[in-house]
Amino acid sequence: VAIVGWLVAALIIRTLSNRANIFVSVAIAAVGILAAHFLFKGFRSAEPKKVKPPISIYVVRFLAAGSVVAGAVLAARLLGPLWGGVFSGFPASYLTSLYFLNKSQGCAFTEGFVKRLPLSIVSSIVFIILLHATLTHMPAFFSFVIGMFGALIYTYFLLTIKKPTAKPAHA
């Protein structure tokens, strides 16, 4: 169901922005992130448990993310760059993270993770905006470094803001 929902959302967004316009894309992303933030902000939080995850978790995450990359390359080769981009946007690492967090840390901790996820995704948008703004004015490497630096600055400020205190899982 999640895969079909993602594909439908990707196709709707692509249809709404006939041309690859960075401003339309960022606006759609901002609306989605704000909606997700308000949807998830009431979720519970819990302190993490001390667990040592089995190596199989990392193997599954590696295979899932690698499958998305391979699928995106194959889609781009067979169907063109538009479909390669649609396939590359599938959030495989988020889905596997949520699944394994729920199994190892419990539902309350996973809800706390999801509650903060929309704000953390903004670092990707900062990177994309800076990359887009600088890519035609300088070598790609420097543009990439500037984008990464901007995303890291945003992440630093996100980590330094006051975090809400964890509520007990049974509350």
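**Entry one: the model.** I'm working from a predicted model, so every value here is computed.

I searched the whole structure and got four aromatic pairs. I looked up Phe127 with Phe144: the ring centres are 5.5 Å apart and the planes sit at 80°, so I wrote this pair down as edge-to-face. Where do the two residues lie? Phe127 is in helix H6 (residues 107-134) and Phe144 is in helix H7 (residues 140-160), so the pair ties together parts 17 residues apart in sequence.

Phe144 comes out partly exposed, at 40% relative accessible area.

I also checked Tyr156 with Phe157: their ring centres are 5.6 Å apart with planes at 70°, so that pair is edge-to-face. Tyr156 counts as exposed, at 53% relative accessibility.

How do I describe two packed helices? I use the angle between their axes and the distance between the axes. For H6 and H7 I noted an angle of about 155° and axes 8 Å apart. Angles over 145 degrees count as roughly antiparallel, so H6 is roughly antiparallel to H7. The crossing of H6 past H7 is right-handed.

On the H6 side I listed residues including Leu119, Val122, Val126, Phe127 and Leu130. On the H7 side, Phe144, Ile146, Gly147, Ala151 and Leu158 are among them. I sorted the H6 and H7 contact by class and got 12 nonpolar, seven polar and no charged residues.

How values were computed:
Residues numbered from 1 in each chain as written. Predicted model: local features only at pLDDT ≥ 70, side-chain atom pairs only at ≥ 80, totals over all residues. Heavy atoms only, no water. Phe/Tyr/Trp six-rings, centres within 6.5 Å; stacked < 30°, edge-to-face > 60°. Helix = DSSP H or I, 4+ residues; strand = E, 2+ residues; numbered from the N terminus. Buried < 20%, exposed > 50% of the residue type's maximum accessible area, 1.4 Å probe, protein only. Axes fitted to C-alpha atoms, helices over the stretch in contact; angles between N-to-C directions. Parallel < 35°, antiparallel > 145°, perpendicular 65-115°, else oblique. Left-handed = near helix turned anticlockwise from the far one by under 90°. Contact = heavy atoms within 4.5 Å. Nonpolar A, V, L, I, M, F, W, Y, C, P; charged D, E, K, R; others polar.
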